[in-house]
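This report walks through one structure step by step, from its strands to the contact between its chains. Please keep the sequence and the 3D view at hand while reading.

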Amino acid sequence: MKPYLFVLVFFFSLNIGLWSQKDSTNSRPAWAAGLYGSISAGYGAFPNPFKHVSVAGASLPKTGGVLQFDAGIMFRNQIGLRLVMGAVSTNDIGAELGRSVAAKYPGYIVTYVPRSEGNNGMADHFSVGLTYSIPRQRWFFQPELLFGSTEIYTESAYAQIKELGTHRVIVHQLYPDYQDYRSPTLTFGGRAAWYAGRYFGFFADAHVLTMWYKVQYQVEKTTLIEQTVEKETIQLKKTSFGTTASVGIFLQIARWEGKGVRLKGGFR
Amino acid sequence: MPRFIYLIALSLCGLFLFGNFQCGKDDCWQSFSLGDWQSTWLDNSGSEPIPTQNSVSRAALGIRLSANVFGIDSTQVAPEDACAWEAAHPIGQLEIFATDGFDTVETGQNISNRFRLRAINTYSFKYVALDEARGALNVLYPPFASEYRLDILMLEPPSQPGAYRFSVQIKFDTLNMPLNRDTFFTLPTVILQ
C-alpha cells in the first residue's frame with residue numbers, strides 16, 4: 001500500500017471512530033459478536049533461513065518487515081475464528097544450505113554462491129485458527145492459535161570447497177527439487193486491541209511462529225584435480241522459530257449487540 | 001503490383017530493422033590483443049591464490065601471468081550481457097619448463113603436465129590441463145577487466161623443499177605481428193617449503 005493511501009485510510013477511519021464516539025452512551029448494551037478486518041505492519045525476527053531481504057515489494061528493503069491482513073469473527077468471552085494472510089520478509093534458505101555443506105568439510109574453506117533470485121522476493125503466509133476474545137472496558141485481549149503455511153524459496157547454488165594449504169577444490173552444484181516450497185506453520189500469540197470508536201480501533205500483535213521444512217537438493221560434486229563427478233541427494237530438515245510484533249488498525253465490519261448487559265466506562 | 005504488397009514488404013523491413021532481434025548482439029563479439037606480460041608467484045594455500053614473494057608451500061605453488069588487454073572498451077558492456085571477447089592473436093601453446101632438474105625431471109624438461117590452468121569465470125570453475133586450455137586462454141567473459149590473468153597451479157610439486165627455477169613460454173598462432181610475439185619468461189627463483 002502506498003504510504004499516502006495508508007495515511008488517508010487511517011484518518012478516514014479515525015474520523016469514523018470519533019464520530020461514532022459522539023453518540024455512544026454508557027447505556028448501550030455490550031457487543032456480543034463481531035466481524036472484523038484489520039491491517040497491520042511490524043517487524044519479524046527470524047533466524048536463518050528466514051533472512052530478511054525485502055518486504056512488500058521494494059518499499060521496505062532489508063527491514064525484516066511484516067505486512068498482515070486478517071479477518072475473522074469474534075464472540076465475547078468465547079472462541080472465534082481468524083483468517084490471516086500476509087507477507088513476511090523473504091526467507092533465504094541459502095545460509096542454512098551453506099552451513100549444511102560446510103559442516104561436511106571441516107577444515108576446508110567453503111564459499112557459497114546463490115545462483116537464482118529466490119532470495120529476493122516476498123514470501124506469503126496464510127493461516128487460520130482460533131481466537132478467544134476477553135473484553136475489558138474499551139479493550140479486548142485475544143490469544144490465538146493458528147495453523148498455516150509460509151512460502152520458502154529454494155535456490156540453485158554453487159559451493160566451492162577448498163582444502164587449506166593445497167590446490168584441492170571440490171565444486172558443488174546444488175539444484176533444489178522444487179523452486180517453491182510451502183512450510184507448515186504454527187502460530188501462537190495474541191492481540192491487545194483498543195476501541196477508538198464503536199467500529200474502529202488500534203491493536204498490537206505479538207506472535208511466535210514455528211515452521212517445519214524439509215527441502216531436498218540434488219548435488220553434483222566435481223573434484224577439480226581428479227576430475228571426478230559424484231552425485232548425491234541432500235535434505236535440509238529443520239524446525240525453525242521466529243517472532244513477529246506488529247501494530248495496526250481494525251475495523252469491526254459488523255457487530256451484534258448483546259441484550260440486557262450494560263457496562264461502565266464506555267460504549268461497549 | 002498491388003500497393004499492399006509494398007506495405008507488407010515495408011512492414012517486414014521495419015520489423016527486421018527495429019524488432020527485437022539479436023542482430024545487435026554481434027557487437028558483443030569483438031577481439032582483443034595482449035601485451036606487456038608480467039609474472040608473479042602465487043600462494044594458493046588460502047581460499048584464493050594470492051601473489052607472494054619467493055617463498056611458498058610446495059603444495060600450494062602457483063604462477064600468475066598477467067598482461068594488459070588492448071582493444072576492449074569494457075565500459076560499453078554491461079556485466080549481465082552474454083558477451084565474450086576473442087583474442088585477435090590467439091595463444092596457441094603455453095608451456096612450462098624446469099630450468100634446473102629435480103626428482104626425475106631433467107634440466108630444461110617440459111613439465112607442463114604438472115600444472116593446470118585455474119579457469120574460473122561467471123559460468124564455471126575448472127582446472128584445465130595446459131595443452132587443453134586453448135579455449136580458456138583466448139576468450140574473455142564479463143566482467144571484463146583491463147588486465148588479463150592466467151593463474152597456473154602446480155599440482156605435482158617437487159618432492160623436496162628447496163630453491164627451484166622455472167620458465168614459461170607463450171606461443172602465439174599469429175607470428176611476426178607487432179604485438180603477441182612469442183614470449184619467454186624465466187621466473188625468479190622460488191623457495192619451496
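## Strands and their partners

Two strands are said to pair if DSSP finds at least two bridges between them. With that in mind, the model, which is a predicted one, can be read strand by strand, starting with chain B, where there are 2 helices and 14 strands.

Strand E12 of chain B has partners that include E6(B) and E13(B). E6(B) and E12(B) run antiparallel and are joined by 7 bridges, and one of the residue pairs here is B:Glu95 with its bridge partner B:Gln169 in E12(B). E12(B) is also joined to strand E13 (residues 183–186) of chain B, again in the antiparallel sense, by 4 bridges, and in this case B:Ser167 has B:Thr186 of E13(B) as its bridge partner. E12(B) is mostly covered, since 6 of its 7 residues are buried.

## An open sheet in chain B

In what order do the strands of the open sheet of 3 strands in chain B stand? The order is E3-E14-E11, and the pairing is mixed. Strand E3 (55–56) and strand E11 (162–164) of chain B are at the edges, and because each has a single partner strand, one side of each is left without a neighbour in the sheet.

The pairing of E3(B) with strand E14 (residues 190–192) of chain B is parallel and extends over 2 bridges. Within it, B:Ser55 has B:Ile191 of E14(B) as its bridge partner.

In soluble globular proteins, nonpolar side chains tend to be buried together. In this model the largest nonpolar core has 40 residues, and B:Trp37, B:Leu65, B:Tyr148 and B:Phe166 are those with the most contacts inside it. Several strands of chain B each supply at least two residues of this core, among them E1 (30–43), E4 (61–70), E6 (91–98), E10 (147–154), E12 (166–172) and E14. E4(B) gives the most to the core, with 5 residues. A second, separate core of 17 residues includes A:Val101, A:Tyr105, A:Ile152 and A:Tyr213.

To see what surrounds one of these residues, consider B:Phe166: when residues up to four places away in sequence are not counted, B:Phe166 touches residues that include B:Trp41, B:Leu61, B:Ile96, B:Phe102, B:Met154, B:Leu187 and B:Val190. For chain B as a whole, 39% of the 193 residues count as buried. Among the contacts in chain B between residues at least 6 apart in sequence, 69% join residues at least 24 apart.

Is B:Cys83 buried or exposed? B:Cys83 lies in the loop between E4 and E5 of chain B, and with a relative accessible area of 3% it is buried, because buried means under 20%. B:Cys83 and B:Tyr141 are 58 residues apart along the chain, while their C-alpha atoms are separated by 6.5 Å.

Most residues other than glycine have a negative phi. Against that background, A:Gln227 has a phi near 60 degrees, which is a positive value; A:Gln227 is found in the loop between strand E11 (200–223) and strand E12 (228–262) of chain A, and is partly exposed, with a relative accessible area of 49%. B:Asp103 also has a positive phi, near 45 degrees; B:Asp103 is found in the loop between E6 and E7 of chain B, and is partly exposed, with a relative accessible area of 45%.

## Where the two chains meet

The size of an interface is often given as the accessible area lost when the parts come together. For chain A and chain B the buried area is about 1200 Å², and carbon and sulfur atoms give 53% of that area. In chain A, the residues that lose the most area to chain B are A:Gly165, A:His167 and A:Leu224, which together make up 45% of what that side buries. The contact takes 15 residues from chain A and 20 residues from chain B.

How values were computed. Residues numbered from 1 in each chain as written. Chains lettered and ligands numbered in written order. Predicted model: local features only at pLDDT ≥ 70, side-chain atom pairs only at ≥ 80, totals over all residues. Heavy atoms only, no water. Core = buried A, V, L, I, M, F, W, Y, C linked by side-chain atoms within 4.5 Å. Buried < 20%, exposed > 50% of the residue type's maximum accessible area, 1.4 Å probe, protein only. Contact = heavy atoms within 4.5 Å. Buried area = accessible area lost by both parts, 1.4 Å probe.
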